[in-house]
Amino acid sequence: MLSKLINIFFPDICLLCRQDGSLLCLPCSSSISHLANQECPYCRKQSPQGYTCVDCKSNGACLDFLYVATTYRAKSSIARVIKGMKYSSYSRIITLIPPSLFTIPTSLFFQKNSILVPVPLHKSKQRVRGFNQAQLIAQRVHAINNIPLQSCISRTRATTSQASLNKVQRHQNLLDAFTYLPEPSKVIILVDDVATTLSTLEACAKSIEIKSPKYIGAFALARGNMSN
């Protein structure tokens with residue numbers, strides 16, 4: 001009864017067009033386009049399905065692939081949606097993003113030997129926010145692709161927000177910040193909301209490498225640049 005009254009007097013408003021009815025209306029949701037071409041996560045050269053190129057892998061890259069759903073640009077639709085989810089506690093909006101953005105090509109995983117692993121928040125930050133956005137994204141990827149999900153990386157210490165740091169500072173900020181807990185599957189797919197310098201994903205991957213999985217890849221809802 002109370003929720004119905006709240007909806008009557010305080011209806012949801014679309015974050016993008018400000019129309020009443022939903023946090024993300026159908027036309028605005030449909031306007032979030034899927035990335036046409038994937039890139040090597042490191043050198044950003046075009047690469048089938050986001051595989052790390054031979055040159056970057058030989059230079060010590062931790063990730064074997066990064067599959068990106070869409071591009072993150074300042075004030076873009078996906079940027080406003082992600083910021084609304086993280087900083088205005090609109091966690092429900094994750095269910096209104098098109099399912100196609102959470103679909104991973106089957107060639108990147110083997111269902112019986114793969115797990116999705118969301119990038120963790122430190123428990124202090126999660127208490128304040130009330131949820132982990134990477135976990136919510138991983139739940140949608142799990143539901144759509146039928147890949148098992150395990151929250152098996154822990155954040156060992158609180159860190160400064162990455163958004164305020166440059167590339168070097170981001171890497172330093174996350175040194176030894178993660179611990180991987182169980183024995184891994186053959187294919188581990190890390191999940192995060194936005195990948196920029198790859199500092200967070202690399203730090204997670206390094207915590208996993210000691211277990212010698214066959215592949216460590218990642219899924220990001222969006223990919224940005226430092227200028228974003």
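Two strands are taken to pair if DSSP finds at least two bridges between them. Helices (H or I, at least four residues) and strands (E, at least two) are DSSP runs, numbered from the N terminus. The model is predicted: local features need pLDDT of at least 70, side-chain atom pairs count only at pLDDT 80 or more, and totals for chains, interfaces and linings use all residues. Residues are numbered from 1 along each chain as its sequence is written, and side-chain values use heavy atoms, with hydrogens and water left out.

Confidence was examined first. pLDDT is the predictor's confidence in each residue, from 0 to 100. The protein chain has a mean pLDDT of 84, and 79% of its residues reach 70 or more. Confidence is lowest in helix H1 (residues 2-9), with a mean of 49, and highest in S1, at 96.

An open sheet is formed by four strands in the order S1-S6-S5-S2, with parallel pairing. S1 and S2 stand at the edges with a single partner strand each, so one side of each has no neighbour in the sheet. On average, neighbouring strands are turned by 20 degrees against each other, direction ignored. Axes here are lines fitted to C-alpha atoms, for helices over the stretch in contact, and angles run from 0 to 180 degrees between N-to-C directions. S5 and strand S6 (residues 215-223) run parallel and are joined by eight bridges. Within this pairing, Gly 217 of S6 is the bridge partner of Ile 189. S2 pairs with strand S5 (residues 187-195) in the parallel sense over five bridges.

Burial was then assigned (buried, under 20% relative accessible area; exposed, over 50%; partly exposed, in between; 1.4 Å probe, protein chains only). In strand S2 (residues 114-118), five of the five residues are buried, so the strand is largely enclosed by the rest of the structure. Ser 114, Leu 116 and Pro 118 point one way from S2, while Ile 115 and Val 117 point the other way. In a regular strand, side chains alternate between the two faces of the sheet.

Helix H8 (residues 199-209) is mostly covered, with nine of its eleven residues buried. Among them are Leu 201, Ala 205 and Ile 208.

A nonpolar core is a set of buried Ala, Val, Leu, Ile, Met, Phe, Trp, Tyr and Cys residues joined through side-chain atoms within 4.5 Å. The largest core has 37 residues; those touching the most other members include Ile 189 and Phe 219. S1, H4, helix H6 (133-145), S5 and S6 each give two or more residues to this core. H4 gives the most, with five residues. Another core, of 21 residues, lies apart and includes Cys 152, Ile 188, Ala 205 and Ile 216.

One aromatic pair is present. Rings of Phe, Tyr and Trp (its six-membered ring) pair if their centres lie within 6.5 Å; planes under 30 degrees apart count as stacked, over 60 as edge-to-face and the rest as tilted. The rings of Tyr 51 and Phe 65 have centres 6.1 Å apart and planes at 70 degrees, so the pair is edge-to-face. At 33% relative accessibility Tyr 51 is partly exposed, whereas Phe 65, at 2%, is buried.
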